[in-house]
Amino acid sequence: DTWISTQKKIHSQLSLPVYPLQENRQFGSKMTDSKYFTTTKKGEIFELKAELNSDKKEKKKEAVKKVIASMTVGKDVSALFPDVVNCMQTDNLELKKLVYLYLMNYAKSQPDMAIMAVNTFVKDCEDPNPLIRALAVRTMGCIRVDKITEYLCEPLRKCLKDEDPYVRKTAAVCVAKLHDINAQLVEDQGFLDTLKDLISDSNPMVVANAVAALSEIAESHPNSNLLDLNPQTINKLLTALNECTEWGQIFILDCLANYTPRDDRESQSICERVTPRLSHANSAVVLSAVKVLMKFMEMLPKDLDYYGTLLKKLAPPLVTLLSAEPELQYVALRNINLIVQRRPEILKHEMKVFFVKYNDPIYVKLEKLDIMIRLASQANIAQVLAELKEYATEVDVDFVRKAVRAIGRCAIKVEQSAERCVSTLLDLIQTKVNYVVQEAIVVIKDIFRKYPNKYESVIATLCENLDSLDEPEARAAMIWIVGEYAERIDNADELLESFLEGFHDESTQVQLQLLTAIVKLFLKKPTETQELVQQVLSLATQDSDNPDLRDRGYIYWRLLSTDPVAAKEVVLAEKPLISEETDLIEPTLLEELICHIGTLASVYHKPPSAFVEGSRGVQHKRLPGSAGSGESVESPDPGAAATETPPAVIPSQGDLLGDLLNLDLTPTTTTGPPPPTTSGMQMGAMDLLSGGLDSLMGDESEPLGGDIGGNPAMGAAFGAAPATMPASFNAPGSGGLDDLFDLGGGVGMPMGALNPPKAVWLPAMKAKGLEISGVFVRRAGVIQMEMTLTNKAMSVMTDFAIQFNRNSFGLAPAGPLQILTPLSPNQSIEPLNNLQVAVKNNIDVFYFSCQYPISMLFVEDGKMERQVFLATWKDIPNDNESQFQIKDCHLNSDAASNKLQSSNIFTIAKRTVEGQDMLYQSMKLTNGIWVLAELRVQAGNPNYTVSSISLKCRAPEVSQCVFQNYEAVLKN
Amino acid sequence: MTGSCKVLICRNYKGDVDMAEIDRFLPLLMQHEEEGLLCPVLSHGKVHFMWIKHSNLYLVSTTNKNSNASLVYSFLYKIVEVFTEYFKELEEESIQDNFVVVYELLDELMDFGFPQTTDSKILQEYITQEGAKLEVGKSKVPTTVTNAVSWRSEGIKYKKNEVFIDVIESINVLVNANGSVMSSDIVGSIKLKTMLSGMPELRLGLNDRVLFGLTGRDKGKTVVMEDVKFHQCVRLSRFDSDRTISFIPPDGESELMSYRINTHVKPLIWIESVIEKFSHSRVEIMVKAKGQFKKQSVANNVEVRVPVPSDADSPKFKTSTGQAKYVPEKNMVVWTIKSFPGGKEFLMRAHFGLPSVENNELEGKPPVTVKFEIPYFTVSGIQVRYMKIIEKSGYQALPWVRYITQSGDYQLRTNV
């Protein structure tokens, strides 16, 4: 054992420079390769040909170097193929490598000649020198010529069993290469099994490469069950993990991340063996380890001590990633953004490491800012605000804007800080820096939404800056504020009038806001502003060709002229508060992205299917544990599979989203005979839609409907198809810029009937310009899904088609509705009445989901016989009974009964007990499920506000929905 | 690629991305740069470009899969490291001068998109500039390529067996304009220069004050390492179980471990600056620097860099020690103090003229930055207690150790 000497001694030793330079660093200052790049004279190819065929070895080598140099600068030297291949037989390793390099580049363009090289390859694969054997098998795999691959099989088989691990690890990768060229061949030759055997190889590098190759192959064959991971193989991988190179560790960790442990104990033991990797110097190893831990942690019980330990262990390595190179920092930050959304507790004390440094690259600054807001809490808000204020005075415009926006987000997120945030924003407005002022006004609008009637004192300051606002978003925000608080702003009318002058030059956003604001003003101060409101209504309806603006204008106009009191209720209705957290990633996507930590998907915050070609069919990754519900959905539903349902509409495998993604949405449009519309064919309505629209869009440019304002639904029923899809299309490009096509005149639809308002189901920004809003209604015994499809893009959309994903009540477009789909259990995450829809046009397929009121499913013959009711009530076990309270219901039992009847809830009997009316009711769902109800209403006391209800049903899952429907009907 | 995006050398590992796609890179880069939204990942259609810049070169990788992005960037930086080891400088010329070796290296570093052997010391054993002449049976795969010990070759011999240990601590500090320390930490690194024969087993012992994070005993005058990162050679599972740092060292220079310490440290050199800007006439700068470390220690090569407006002119300086110099291309005054003893305080005043017609461009608020090094001393108090060296031949070996503390990212925000 040797012990450290004293410091004094050390320094006397170290005063001399002790580190000599390595000799082999001083490459070729005299003789460099650059000379090969200089010859560009005529007849070069000819000369090279002669040199390549020279007898002198040195000359040959020089010539090959020249050829490679030409290749490197992009010259075509493929004409020299036979001559170069002739040089392949050499004992000079450098020359051999160059020839191989040449082959990789040109073999594809000269497949016939490439065969010439095969013999040498086969021979080299048996060379006594393992370097040559490996080189040959490595290069052969890179020659992507079909004809060569069959010759490759025998050498590859030998190399996979080679005595030298260097050759074996190279051969393992070669299997993946070969699979990429000819998958069938690889399977037929049994290479996959050999590759699986290599997982048990004694050499860790071979194991790592085998794992990498298998993972790569499995990725392109998601169903092949190639990586048949079980506790034994996992154990082998974990052993190799300790011994292989940093890259091998990444392959193994990424592979482990695909495994789902059987129980929490296995999960914990894997985590314990993976955590040491968090101390690896390579950031990529750390991130891959974090991925495994984040995934397996899901399975650990939260009260487990180890769970807490693991959480604590994750924070330091994540923080250290921020000292890596900027690009790696960026990847780390994008991933931390996901991690703090999934498990905020990990980094909640680490706020200050995300403070922005002056010399951080802009992409790092913006990401840090985002994470700062996510971590902001009452405990650290003072520090955060001080920082944000600092950033807001920087010079980089994008960064400054984001900083100002961040202050607003803090105000909304941390209520205690709101006041401080508002005053900070006011300070920033005082700087008069144009974009700072505008950004501040936009966020103050949001703060008003969150805390109404609290900070209105600042309005005066805001109004002072009215003139400097030139961005639509800021103008719209300011106008909204003036309209919303019109009663407190003395000169609100003047302010709004000033915007009105250039009405037609404003962007739509501002125009819409101005219209609404002036209507609000009128409703608040009707006497002085009559002229103003008339002016804006006429600007919006008569002088504008923007359909949204016109529609809104007409709606207000009608509303104001028919019933000003109702108008007031509608326009000045209380608005819902905005939510605290914005920009949150939708939970299922977040789960998927957590499974992809470290990859491009985690950087883009998009699922791989969104940017990788051919990955549509690939299963979306889910976190374990929480994915329990997903698994139960996956189990094929025997009822659905057996019924008459065409498989194209209700696939029997894969998770729900997966189903949608796999659907073939090609409409049967122009080819073949037009399908009969009344034959009950599943796709009838859709065919009509897609076929009919093309022609309509092409030659019409005037509104067909004409009856603007009469019926906001503007529906059109197509033929006799049970599900109608009224649609209005706005197709720029044909005729005027913003021509509105109002399709159909509402055939078979009671015009002016009470129609619930449509909700936006698919915003345009998510669907490349296609906006879909809709509503469900039940009319004359038919469920109708009314949709408005609006083209907000620049080009015409065609080839529309629609499909529904498998859903609880078997809704399908224009199909027979009596599909008996038993309710599968455990669908609690998604509401039962959730409908996943896919709409396709010429651009892409878009997916969205919407909820339909369950009352739509109540059929007209839902009235049970008294005797049957009694028997059924007794027959249904008490476990299936649910009790609910309905508050604030002011109806007596008769009124309630009438109201309910209109939505197909039938009263069978009524009795009065101790001043309480008991109504016995029944309803039947489209799929044959009966729901029985006992509704208790306090008789004789219309002011008594609580009723209660018991629901009994063989499928108790629906009870919640039914109750909500009761509540909705009775309170309406 | 060169700075103007001319491809110098390329290698298509998987054949799934057309090599012509690289032509999209420059326009994409320019577009993002113009919009001020530069990003390390750019994409065009289904092709994604992940790139880094080294001196005047772009290293770009293309993919059309959901690749492991952190692996790609780590690998790109590894390439820079390997090429620099081989060619001393990685630049346009060194690539052209050595294109044959570059091709060979690219072939060995990665196969079908999977990084393979990336340790330059090992690579240098079988990929050499001269082009090894093949004599059957002589040229062999170094066992290191596939060994569990993939970082050290067998048969290394030294006449005198020595190992040099450098403990280097960098102080990162961010101080707000009002003088409060926003964040500070220590990033430490233990570097080795190993000149030992054979296959030695080493064990490093640190002083008791150093506790590694999560032992839960962080009381009193202990230093808690927040996060420790080790070289591939350190047995991580052993460290995880009993905190022993045991390893077979790579030959020559290497970084054995790095650590981060979060404890609040007093900024070793404290700067107070007053920058007064009188529009259209002048800027007056007063900087006070104070050494807040032990009197026995001395900070060497101290540089205090103070930002000045880009349109400032006619500088005048006054310093109590050292020299101040105006560096107009960086818009700063650099005040250099060769030797700065602990506990001392120095002053610098600067005066600049400003043009009467003012620069309209908005300028950022660059911070004051400080550079220094203090030898024979670590802020954290970490010390090497022992280094056990055991080799089967039983030779005696000498470990040497030295300590140095230096500035890392050391920023003090200003109010102008």
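The side chain of B:Ser67 makes a polar contact with the side chain of B:Thr63, at 2.7 Å. A polar contact is a pair of N or O atoms within 3.5 Å; within protein, one must be able to donate a hydrogen and the other to accept it, and residues adjacent in sequence count only if both atoms are side-chain atoms. This is a predicted model: local features need pLDDT of at least 70, side-chain atom pairs count only at pLDDT 80 or more, and totals for chains, interfaces and linings use all residues. Residues are numbered from 1 along each chain as its sequence is written, chains are lettered from A in the order in which they are written, and side-chain values use heavy atoms, without hydrogens and water.

B:Ser67 sits in the loop between strand S3 (57-63) and helix H2 (69-87) of chain B; helices (H or I, at least four residues) and strands (E, at least two) are DSSP runs, numbered from the N terminus. B:Ser67 is buried, at 18% relative accessible area. Buried means under 20% (1.4 Å probe, protein chains only). Leaving aside neighbours within four places in sequence, B:Ser67 is in contact with A:Gly598, A:Thr599, A:Leu600 and B:Met50. Contact means heavy atoms within 4.5 Å.

The two chains meet as follows.

| Item, chain A and chain B | Value |
|---|---|
| Residues of chain A in contact with chain B | 128 residues |
| Residues of chain B in contact with chain A | 118 residues |
| Salt bridges | 9 salt bridges |

One salt bridge joins B:Lys78 and A:Glu246, with the closest N and O atoms 3.7 Å apart. The term needs a side-chain nitrogen of Lys or Arg within 4 Å of a carboxyl oxygen of Asp or Glu.

How values were computed
Buried means under 20% relative accessible area, exposed over 50%, partly exposed in between (1.4 Å probe, protein chains only).
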